Amino acid sequence: MTRVSGILLPIFSLRSSHDIGMGDFGALEGLFAWMRSAEQRIFMTLPLLPTAHLDPSPYSTESAFGLNPMLIHLGWLPEGVAFTGEQQKSIEEARAADRIRYDLVTPLKMAALERAFATFDRQGTTARSREFETWSIENSDWLDDYALFCALSSAFGRRAFWDWPTPFAERHPGALEAARSEHRRSIRFHQWLQWVAEAQWSKVRRQAKAHDILLCGDEPFMVSQNSPDCWRWPQFLRRDARLGVPPDDFSADGQDWGLPWFDFEALEQDGDRWLRARARKAANYYDMRRIDHAVGYFRQYLRDEAHPRGHFRPEHASDQQARGERNFRILSEGASIVAEDLGVIPRFVRDTLARLELPGYQVMRWSREDGVYRDPRYYPEVSVVTTGTHDTETLRSWWEHAPPWERESVCKTWPELWRFPSVP
């Protein structure tokens, strides 16, 4: 890849006149056309994975596989979707809101998708249904358990899987076989949602290619405890400790994310099968992808009853470095990746990434010492340079609220800004 520039934007924030109160795949072609005219080559977005129930954050992922059905564009469904007058009022209310009204949009969209699926199901055997069946078989290695988990979650009132009846929580073969029969339609619905979402994202990829735009995805480090991955692979995604980060300048106590942790030793003994499958699936969606919390693939900071204040696993730096290099070789097989190396990062992490020729991150508004911003000309040559991340406010909001001394420091370091009359 040569030097390119582009934009970072969540798809749910990309609003259009034909959405129902939340950005979706249908708005991207217009953005790509604008980007091409502005000579922008890369579009970065936040994770597109399914989000956890009642938490729309793209970093609260329900699975390491699949796409978020809420990003499906209803206008592209050949089954057609109609709304009642009352529903249309709710859509207009959602469209007029300053922020996404998930309380309105989520039930409206899921109900519309259920109606479209009912129409699809009634049509019987068609070329479209045969395409769906073929795709389902080809993706059965992750799709079958994902759809079964979603169906059981609905059947058991959205309770966490460890609160399900024991035969289902512990995946007794007889119970699962009975569930597949009893909840066949619900399972098929969740498979269909993933098929539709992937077909639409493939259309988006063709649109991007037509406008010479590269797509960069975002791969969260971990998934929710209550996920099909933890349910299916408890020996690899373990819940007997909680993942987080150690104390740093931003938090005296560190952060306890309450997430499961990877047992990389167990994964290695299994040939890293789950990790490789996840990497392959993500690589098929994008031209390149951002690997979140890169340091986590070297070492994890865990809290449990024996270590309430936390400890690193592995414990020793040499083991951490070896583990990280192994993991990043797997993650980058046949794919372009960017490592999110922000925060408190040991030197050996960046040395390893440099040796593997993997770009790290430079966030311009964070890159300063004693109030003086670093000149971007002296950033590492192999880098992704951004004005902000998903953890910051927008560039405009930051600039408008920055104190005078900060603006002055910015303009001294980045004199190119003086070309633009909007900068005071």
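**Notes on the predicted model**

1. Four strands form an open sheet: 4 strands in the order 5-4-7-8, with antiparallel pairing. Its edges are strand 5 (255–262) and strand 8 (311–313), each of which pairs on one side only. From one strand to the next the twist averages 55°. The model is a predicted one, and the points below should be read accordingly.

2. Within this sheet, strand 4 (residues 237–245) and strand 5 run antiparallel and are joined by 5 bridges. Glycine 244 stands opposite aspartate 256 of strand 5. In general, the strands of a sheet pair through backbone hydrogen bonds, in either a parallel or an antiparallel manner.

3. A parallel pairing is found between strand 10 (residues 360–363) and strand 13 (residues 383–386), with 4 bridges joining them. Glutamine 362 has valine 385 in strand 13 as its bridge partner. Gly360 and Gln362 point one way from strand 10, whereas Tyr361 and Val363 point the other way; all are buried.

4. Which residues of helix 7 are buried? In this helix (residues 173–182), they are Ala175, Leu176 and Ala179. They lie on the same side of helix 7 because they cover an arc of only 95° around the axis. An α-helix has 3.6 residues a turn, so residues three or four places apart point the same way. Pro173, Gly174, Glu177 and Ser181, on the other side of helix 7, are exposed. The packing partners of the buried residues of helix 7 are helix 5 (140–155), helix 6 (166–169), helix 8 (184–210) and helix 9 (228–232).

5. Valine 105 lies in helix 3 (residues 102–122) and has a relative accessible area of 0%. Residues up to four places away in sequence aside, valine 105 touches Ile20, Gly21, Met22, Met70 and Ala94. The C-alpha atom of valine 105 is separated by 37 Å from that of aspartate 263, 158 residues apart along the chain. Serine 153 belongs to helix 5 and counts as buried at 5% relative accessibility. Apart from neighbours within four places in sequence, serine 153 is in contact with Arg158, Arg159 and Trp164.

6. The structure holds 37 aromatic pairs. One of them, formed by phenylalanine 221 and phenylalanine 262, is edge-to-face, at 5.3 Å centre to centre and 90° between the planes. This pair links distant parts of the chain, 41 residues apart: phenylalanine 221 is in the loop between strand 3 (214–219) and helix 9, and phenylalanine 262 is in strand 5. Phenylalanine 221 counts as buried at 2% relative accessibility, and phenylalanine 262 counts as buried at 1%. The pair of phenylalanine 262 and phenylalanine 264 is tilted, because the centres are 5.2 Å apart and the planes at 35°. Both phenylalanine 262 and phenylalanine 264 are buried.

7. These phenylalanines belong to one aromatic cluster, whose members include Phe221, Phe262 and Phe264. Also in the cluster are Phe65, Trp135, Trp142, Tyr146, Trp274, Tyr297, Phe298, Phe328 and Phe348.

8. Two arginines are placed over tryptophan rings. Arginine 171 lies over the face of tryptophan 231, at 4.4 Å from the ring centre. Arginine 239 lies over the face of tryptophan 162, at 3.8 Å from the ring centre.

9. Most residues other than glycine have a negative phi, and most peptide bonds are trans. Arginine 313 and proline 314 are joined by a cis peptide bond, with omega about -5°. Proline 314 is located in the loop between strand 8 and helix 12 (317–331).

10. Where does glutamate 39 have its place? It is in the loop between helix 1 (28–37) and strand 2 (42–44). Although it is not a glycine, glutamate 39 has a positive phi of about 60°. Glutamate 39 is exposed, with a relative accessible area of 67%. Arginine 158, in the loop between helix 5 and helix 6, has a positive phi near 65° and is likewise a residue other than glycine. At 38% relative accessibility, arginine 158 counts as partly exposed.

Notes: Residues numbered from 1 in each chain as written. Predicted model: local features only at pLDDT ≥ 70, side-chain atom pairs only at ≥ 80, totals over all residues. Heavy atoms only, no water. Buried < 20%, exposed > 50% of the residue type's maximum accessible area, 1.4 Å probe, protein only. Helix = DSSP H or I, 4+ residues; strand = E, 2+ residues; numbered from the N terminus. Arc of directions from axis to C-beta. Contact = heavy atoms within 4.5 Å. Pairing = 2+ DSSP bridges. Axes fitted to C-alpha atoms, helices over the stretch in contact; angles between N-to-C directions. Phe/Tyr/Trp six-rings, centres within 6.5 Å; stacked < 30°, edge-to-face > 60°. Lys NZ or Arg CZ within 6 Å of the ring centre and 35° of its normal.
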